[in-house]
Amino acid sequence: MQQHDVIIACDFKSAEDTFRFLDLFEEEARKPFLKIGMELYYAEGPAIVREIKRRGHRIFLDLKLHDIPNTVRKAMAVLSRFDVDMCNVHAAGTIEMMRAAREGLTRPDGTRPLLIAVTQLTSTSEERMRRELLIDASIGETIVQYARNTREAGLDGVVCSPLEAGMVHEACGREFLTVTPGVRFADGDVADQVRVTTPARAREIGSDFIVVGRPITAAADPVAAYRRCVREFLGE
Ligand code: C5P
């Protein structure tokens, strides 16, 4: 699979809204890679995954599993049958849980989707980590440590801010994937994202996949916005 791409975050509440959006891309030669998150998956279930797959899109199923290793292994075994291209867990679930996730996700023929881990959510501040979670390290230190744990568990990469992609590659190697939300066009609206960068800059810093939601889904012309994103990120 291509290891650099733009992933559109399909943060829609229903199948109807999702397909209205995807119909815009019907004539597009390059089928966008899509992210399906909890809201859409919990609303529509596995059927939405099958239908989007049937339309020829690659899928990142963003369900962020975090439970005891045995439960995660079994849940991942179920997801392995969906034929998605990327799944994820929380690195906070420990190396043992991440190993269990990888085992569960691996199909009988030895193949599996890419498996990545969420490091620290961008909504978690250092102050909250210290006061509520009793974690005394800086955000940067936890991200690098969680990324190292993720690599040790045999996963393929992490979700992080594009601004952190460089230090993750430095700690874990160039082949270790960074999947980064928080991307905005230079002339675009930042909305509620705090630490943002442009598609071109994300690529320079070392992002392998950028996850882009509203700059494409809320654009007046989503297809043009997607093409611009691909052009700026991949230089195509
Ligand atoms: O609309 P926007 O481009 O901000 O969407 C970014 C997507 O990436 C959303 O689906 C959001 O939930 C997800 N995400 C994020 N920050 C994280 C992890 C995931 O924005 N740290």
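Tutor: A residue is called buried here when its relative accessible area is under 20%, exposed when it is over 50%, and partly exposed in between, with a 1.4 Å probe and only the protein chains taken into account. Helices (H or I, at least four residues) and strands (E, at least two) are DSSP runs numbered from the N terminus. The model is a predicted one, in which local features need pLDDT of at least 70 and side-chain atom pairs count only at pLDDT 80 or more, while totals for chains, interfaces and linings use all residues. Residues are numbered from 1 along each chain as its sequence is written, and side-chain values use heavy atoms, with hydrogens and water left out.

The part to look at is strand E8, residues 209-212, which is covered on both faces. In a regular strand the side chains alternate between the two faces of the sheet. In E8, Phe 209 and Val 211 are buried on one side, and Ile 210 and Val 212 are buried on the other.

E8 pairs with two other strands, where pairing requires that DSSP finds at least two bridges between them. With strand E1 (residues 5-9) the pairing is parallel and extends over 4 bridges, and within it Ile 7 stands opposite Val 211. Strand E7 (residues 177-180) also runs parallel to E8, joined to it by 2 bridges, with Thr 180 as the bridge partner of Ile 210. Between E7 and E8 the chain passes through helix H9 (residues 199-205), making a right-handed β-α-β crossover; right-handed means that, with the strands pointing away from the viewer, the path from the first strand over the helix to the second runs clockwise.

Arg 201 belongs to that helix, H9, and is partly exposed at a relative accessible area of 41%. Leu 163 leads on to Ser 161, for the backbone nitrogen of Leu 163 lies 3.0 Å from a polar atom of the Ser 161 side chain. A polar contact is a pair of N or O atoms within 3.5 Å; within protein, one must be able to donate a hydrogen and the other to accept it, and residues adjacent in sequence count only if both atoms are side-chain atoms. Ser 161 sits in the loop between strand E6 (157-159) and helix H8 (165-172), and it counts as buried because its relative accessibility is 3%. Apart from residues up to four places away in sequence, Ser 161 touches (heavy atoms within 4.5 Å) Thr 122, Thr 180, Pro 181 and Arg 195.

An oxygen atom of the ligand is 2.8 Å from a polar backbone atom of Gly 213, and a ligand oxygen is 2.7 Å from an N or O atom in the side chain of Arg 214. For the side chain of Lys 35, the corresponding distance from a ligand oxygen to an N or O atom is 2.9 Å. On its own the ligand has 460 Å² of accessible area, of which the protein covers 82%, areas being found by the Shrake-Rupley method with a 1.4 Å probe and, for residues, only the protein chains shown counting as cover.
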